Amino acid sequence: MGDRAEAGREFISLLGILEKLRSPGGCPWDRQQRKEDIIKYLLDEAYELADAVAENAPDAIREELGDLLYQILFISSIAEEESGFDIAGVLALVSEKMIRRHPHVFDSLTVNSIAEIADNWVRIKNEQENNHEKTGFFNRIPRSQPALARAQKVTQRAATVGFDWSTSGEILEKITEELKELKETARLGQPDLMAKEAGDLLFSVMNFCRFIGVDAEKTLQETTSRFIARFNYLEEKLAREGKTLEAATLDDMNRLWEEAKERGVGG
C-alpha cells in the first residue's frame, strides 16, 4: 500500500489546505459553497476518473483520483460545519462496513466461490438496510444516477419479486407498440405527449437490453463513442478536401459517414 506515513502526512496537509480555504481569511468562493454546489463537481471528477481508467492513463488516473478525493473532503468539511460529523467519522463508518461485509476475511465464515461472496455481500447489505427507515421498494437506488443506469437498476430490482417480462419477444412487441404511439403523437403535433411516449420507448428499449443481459448505459456510451469517431473521420476527410463542416453539404457528410462505416471506424 505504499508509504502509509507519507500518505497520512499528505492527507493531513490537504485537510489543512481545505480548512484554510474555508476559513474567514480564506477564499470567498470556497467559503460560500454548499454541499449541493460541490456535488456537480464531484460527479464531473468521477466521470473524468472513469475516462482516465478506460484510457489506462496512470498520470491522469492519479490526478483525477486526487480531484475526486478533494471533492469528497470538501463535502465532508461542509457537513462537519453543519451536522457535526467529520472525516474521521466517515472513515470509521466505511471501515466498519467493509469489515462487516467481508466475514470470510475478518471473521470465521467459510466460502467456496466468488458467487458465494457476492451473495453474502448482498445479504449483509440488505440486512443492514432493513434496519434503517425505508420509504419505498426503490429507495436505495440513487435518483441522481444517469437515467439509463437508474432505469435498469429499478427494473432489475422489480424483477427480483417477479415483476418482469416472460420473454424478450414480449418486450419487442412493447417497443413496437410504444413506437406506434410515438408516431401517432408526432402526427398530431403534441409535444408533451411526444415527450412522454419517447420516454416510454426509451424505457422499453432499456428493458430489452436488461432482459438479454446487456448494460444499456454501457451500450449507449459505446454507440456515442462510435458516432464521435465516425464524425471525427468525416471532419478530417473534409479538411483534406479543403472543406469545413459548416461549408460541407449533407451529401458530402453522408458520403464520408458511409465510408467511415465501411472502414470500421469506431468499431
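In this predicted model, helix α8 packs against helix α11 (residues 216–240) at an angle of about 155 degrees, and their axes sit 8 Å apart. Angles over 145 degrees count as roughly antiparallel, so α8 and α11 end up roughly antiparallel to each other. On the α8 side, Leu148, Ala149 and Gln152 do the touching, and they meet Ala216, Glu217 and Leu220 of α11. Sorted by class, this contact has 4 nonpolar residues, plus 1 polar and 1 charged.

Helix α11 has another partner, helix α12 (residues 250–262): here the axes come within 9 Å and cross at roughly 120 degrees. That angle makes α11 and α12 oblique to each other, and α11 passes α12 in a right-handed crossing. From α11, the residues involved include Phe227, Phe231 and Leu234, while Met253, Leu256 and Trp257 are among those that α12 brings to the contact. Overall, the contact of α11 with α12 splits into 9 nonpolar and 5 charged residues, with no polar ones.

Now for the largest pocket, which holds about 740 Å³ of space. Its lining is made of 19 residues, and Ile39, Leu42, Arg140, Pro142 and Ser144 lie nearest the centre. The top contributor is α4, with 4 residues. By class, the lining of the largest pocket has 11 nonpolar, 3 polar and 5 charged residues.

Terms used
Residues numbered from 1 in each chain as written. Predicted model: local features only at pLDDT ≥ 70, side-chain atom pairs only at ≥ 80, totals over all residues. Heavy atoms only, no water. 1 Å grid on protein atoms, 1.4 Å probe; cavity = no way out; pocket = protein on both sides within 12 Å on 5 of 7 lines; lining within 4 Å. Points joined across faces, edges and corners; volume = space filled by probe spheres on them. Helix = DSSP H or I, 4+ residues; strand = E, 2+ residues; numbered from the N terminus. Nonpolar A, V, L, I, M, F, W, Y, C, P; charged D, E, K, R; others polar. Axes fitted to C-alpha atoms, helices over the stretch in contact; angles between N-to-C directions. Parallel < 35°, antiparallel > 145°, perpendicular 65-115°, else oblique. Contact = heavy atoms within 4.5 Å. Left-handed = near helix turned anticlockwise from the far one by under 90°.
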